Amino acid sequence: MKLIFEYEESITGHLPDSSDDDSHSLGDLPRELIRKELPLPNVSEIDVIRHYSNMSRKNFGVDIGFYPLGSCTMKYNPKINEDIAKLEGFMQLHPLSHQSCIQGSLQLMWELGEYFKKITGMDAFSLQPAAGSQSELLGVMIAKAYFKEKKEKRTKIIIPDSAHGTNPATAAMCKFETITVKSDSRGNMDIDEFKELLEEDIALVMLTNPNTLGLFEEKVLEISDLAHRNGSLMYCDGANMNALLGITRPADQGFDLIHLNLHKTFSTPHGGGGPGAGALGVKTHLSDFLPLPRVVNDGKNLALDYDRRKSVGMTRYCYGNFGMLVRAYAYIRSWGNELRKISEHAILNANYLCSLLKEDFELPYDRRCAHEFVLSSRKLGQKSALNIAKRIMDYGFHPPTIYFPLIVPEALMIEPTETESKETLDEFATALRKIAKELKENPDFVKGAPYTRSVERLDEVIAARRPNLRWNAHTGLEEEDGKKMPGINEREDRRQK
Amino acid sequence: MGSLEGTKFTKEHEWITISSEGLAMIGISDFAQEQLGDIVSVELPKVGSKFRQMQPMAIVDSVKASSDIYSPLSGEVVQVNDELSEHPEWINESPYELGWIIKIKPSNMEELDDLMTAGQYSEFVGEMGK
Amino acid sequence: MNYIPVTENDKRNMLRHIGVNSINDLLIELKPRIADSGGLGLSNPMSELELLEHMKRLSEKNNLMKYFIGAGAYNHYVPAAVNHLLMRGEFLTGYTPYQAEMSQGTLQAMYEFQSFICLLTGMDVANASMYDGSSALAEAVLLSSSYNGRNGVFVNNGLNPQYVEVLKTYCEGADLEIVNEINEKTTCVIGQNPDFYGNLENLEYLSDRAHKVGALFITCVVEPTSLAIVQPPGYYGADIVVGEGQSFGIPINFGGPYLGFLGVKDFLLKKIPGRIAGMTADSKGRKGFVMTFQAREQHIRRERATSNITTNVELMAIASTIYLSLMGRTGLKNVAKLCYSRAHLLQEKLAKMDFKVLNDKPFYNEFLVRAPSGSSENVLSHLLKEGILGGLHLDHDNILICCTEMNSLQDIESYASIINERMLLK
């Protein structure tokens, strides 16, 4: 395994040579400004192609196989959307172009906002956030501005204990304190504890619905009602919108704000961890706070409006991850008024897969799941979720999300999405059941998995204790001054003593 | 592991022993290190900083988890185990000796009564497993 | 178009296995329901062919121009190989490498990206990317405040105005304040290089002023091709370097997705937000990569995390890693030299036509001019009619102009002669 920095010197040129440009050489720059050394490699194009092509083959993607990562909605990314996103008129447009030149893109943004309004029941949308977490940040900033204007001192945010880590982290970024409410025996946020904790200083209640257990919050209407009577706002983490399209609208559940993850529900590709795109929807009473600029439509022309006094400002350069907005737009246009089929089938697939697995694993909550479900493998021992995850790779599947939500021990969160066939679901269930058996009959074998990837189980502890985070001439895991960090096997031995 | 007589424990799995000079040494229990897994780093407080009883004073990170360390007694930090930055694994291998984390000068010894003895902690941990 | 593989037959079998009669039975819990509103008021579905036609027409409502504008988004040449590699399903359709053994390609790419950023900026460690340059800057400020506990943020003149706005928004949320003085309440001092007007400077003096009061010095690099020929911020004392990587192989795309980068000196490693890949070994001693220091991140630290950031922009990071690999040291220097010389060529021509050049320092590929009195609007609209976006119109009749390797000598000639014609006509 070679790093790009370790190739022998070679180069392929892609541009005309600057020394053919008669005019201005860098000699005009003061010496102290000129860089003395640029320690980058020179690699020929054929080697670059081979390097990255071979690297990609060590990866797994939705295009390669089943990827049931709970909470991530790893659905098929339509290839036509890739072509559409590359249309010159979209891709080569400079964001600071004259208004008359950008009517197509503005129209796209306008219409997309309108679609989101219809889908969620919200009154206004911002397409500026670059991701779900940035949408949340925007939402919390808006809540902060809202209460500041009302001159109400509210410093706390309520979240359920099943919440995703971004929720409290976002709260902290805006100097809010997080109050956690436990989940009840049906997996809902405990309404009695909620009532107790709902004080005057609660600004926001952040819920995911369906929640991270894949279960619909049964008391959401009651919670909204209580929150509103308390003067608090209701925020919906829309990560699980894939269960609700055309079936129910978050606005009807009492939410004042919602964010959507376009790379989840709306099929934009995950890219190995991004880019994503978020969209933040709000009810009228919050729309003045949305970030700048707003896209406005007078019926004839579209424009970017910066004249909104109460706006929280800007959360990024320009308007949003436009390249992802194009894909989401195309996706929605292709489904049109049949959007509901997406959620219906996401729910069907999840319930079917769950029914195949609930005998061999534990289902912590005795309820119908939405588009994803959480199993516990704790009957199979400590660290069983980890070992199952590593072993499932050998069967050609990506592991589900493990150890989340935190309230389920040995959690396996599985979200098949609607774009999988019954055959795939059957194969996956068969594999999981086989591994459960393997764990009972030959646990050590499972603990050493995976065996069929480019590497076997990697030592995450050494990676953190002896960080090697970038290439330099003296890279490698060999230690200086003869000291050696104990590796996996050694640590096990020492622990046994 | 030496005798744990005289060592007291908190509900958050810290242990504390008082030396003859009236200084207190603090670390996390064997149960805690087991739960956390391989420790990768420790965020230590500055010498001289003061904490109230059960206020978070340090953070211990493993690969998969991040855990606050709460001060078993109110007091002032007089020494921290700097070597843990090179040897975080001592917390796993020797949680009561080499893996000690912080030494404080307690300001109120009566607070010791709020803590559990080794025997009580043992029971407490046993209960947790159920 | 329908990407649902389950057939009617499958559906019947599945429902039977679950033990219900219809999909509606599965939806019982998802109350309240909207009345069946006939598809949310959306239009009919479209086939792939119809969709493509529709999107083409929409994209043609935009007008592309010859660009002489930058101001945060730079029109550079992207070698063909970048896209071909990027479109591989293994790069495009995977997710965050939580399961390292399934994602060695992504993780190695992250590691190489981190390395490139360090090599270019002179920092010790970098993360695997952030949303864009402006939010990377905001996150650097939060990092700084978390490090030294202070609240004052000093911004040197010349920071991209949109970045200033983003900073204000984040600071408002986090109870930080943008201040006019550097003193012991200052958490960080920020300088952009080259700045918004293209000016290049040795920012050592700013670095000194920051360090004297115990503040951190942050350099923001919005046009990083400059780093091929200009001394890196590590050289003049930066503790943190942030910037926008769009110039490295990412199309202008109407403003996004772009690529934020953030690098720090060693002592700030534990505070760095976002994902980081590290090299390690597997049980057989083979080299491999994992995400590391995850305990800093939101999914573990939760409310104690420095940042809530979840996704990075991995595909864009891969794009820029491939771009930098393809261009290499030689190619990148070439880009920078072309940018520099084209910009200076145009500036010279405009100076000859009574345009006042306002840069009092050496500049890279952007420069500020004032059109002969009252005529900026005219100049730009005339250029627009000829299909040229001549620059960014700023206050006081100033125009911010940018040239890259995409502006050929011909283009520059046209620009100048159109202006000349226009002025002769007056």
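Predicted model: local features only at pLDDT ≥ 70, side-chain atom pairs only at ≥ 80, totals over all residues.
**Exercise 1. A residue of chain C**

Where is the place of Leu269(C)?

*Solution.* 
- Step 1: Leu269(C) sits in the loop that runs between strand S8 (260-264) and strand S9 (277-281) of chain C.
- Step 2: Count the C-beta neighbours of Leu269(C) inside 10 Å; there are 16. A residue is buried at 20 or more and exposed at 12 or fewer. Leu269(C) therefore counts as partly exposed.
- Step 3: Leaving out residues up to four places away in sequence, Leu269(C) touches Val125(C) and Val264(C).
- Step 4: Take the pair Leu269(C) and Phe293(C), which are 24 residues apart along the chain. Their C-alpha atoms are separated by 9.4 Å.

**Exercise 2. A helix pair in chain C**

Describe the packing of helix H6 (residues 104-121) of chain C against helix H11 (residues 314-352) of chain C.

*Solution.* 
- Step 1: The two axes come within 9 Å and cross at roughly 60 degrees.
- Step 2: The crossing of H6(C) and H11(C) is left-handed.
- Step 3: From H6(C), the residues in contact are Thr106(C), Ala109(C), Met110(C), Glu112(C), Phe113(C) and Phe116(C). They meet Glu314(C), Ala317(C), Ile318(C), Ser320(C), Thr321(C) and Leu324(C) in H11(C).
- Step 4: Sorted by class, the contact of H6(C) with H11(C) has seven nonpolar, three polar and two charged residues.

**Exercise 3. The domains of chain C**

Into which domains is chain C divided, and which elements give two or more residues to the side of domain 1 that touches domain 2?

*Solution.* 
- Step 1: Domain 1 of chain C covers 66-74 + 329-425, and domain 2 covers 80-321.
- Step 2: The C-alpha centres of domain 1 and domain 2 of chain C lie 30 Å apart.
- Step 3: In the contact, 21 residues of domain 1 of chain C face 19 residues of domain 2 of chain C.
- Step 4: On the domain 1 side, the elements giving two or more residues are H11 and strand S12 (366-370) of chain C. H11(C) gives the most, with six residues.
- Step 5: This side of domain 1 of chain C divides into 13 nonpolar, four polar and four charged residues.

**Exercise 4. Chain C as a whole**

Summarise the make-up and extent of chain C.

*Solution.* 
- Step 1: Chain C has 13 helices and 15 strands.
- Step 2: Along the principal axes, its C-alpha atoms fill a box of roughly 80 × 55 × 45 Å.
- Step 3: Of the 426 residues in chain C, 60% are buried.
- Step 4: Among contacts in chain C with a separation of 6 or more, 73% join residues 24 or more positions apart.

**Exercise 5. Chain A and its contact with chain C**

Check the length of helix H11 (residues 340-357) of chain A, then describe the domains of chain A and its contact with chain C.

*Solution.* 
- Step 1: H11(A) is mostly covered, with 14 of its 18 residues buried.
- Step 2: The domain assignment gives domain 1 (93-337) and domain 2 (340-447) of chain A. Their C-alpha centres are separated by 30 Å.
- Step 3: Domain 1 of chain A puts 19 residues into the contact, and domain 2 of chain A puts in 17. The domain 1 side has nine nonpolar, eight polar and two charged residues.
- Step 4: Between chains, 170 residues of chain A are in contact with 167 residues of chain C. The chain A side divides into 85 nonpolar, 52 polar and 33 charged residues.

Note on methods. Residues numbered from 1 in each chain as written. Chains lettered and ligands numbered in written order. Contact = placed C-beta atoms within 7 Å. Nonpolar A, V, L, I, M, F, W, Y, C, P; charged D, E, K, R; others polar. Axes fitted to C-alpha atoms, helices over the stretch in contact; angles between N-to-C directions. Helix = DSSP H or I, 4+ residues; strand = E, 2+ residues; numbered from the N terminus. Left-handed = near helix turned anticlockwise from the far one by under 90°. Domains from an automatic or database assignment. Expected span 1.5 Å × (residues − 1).
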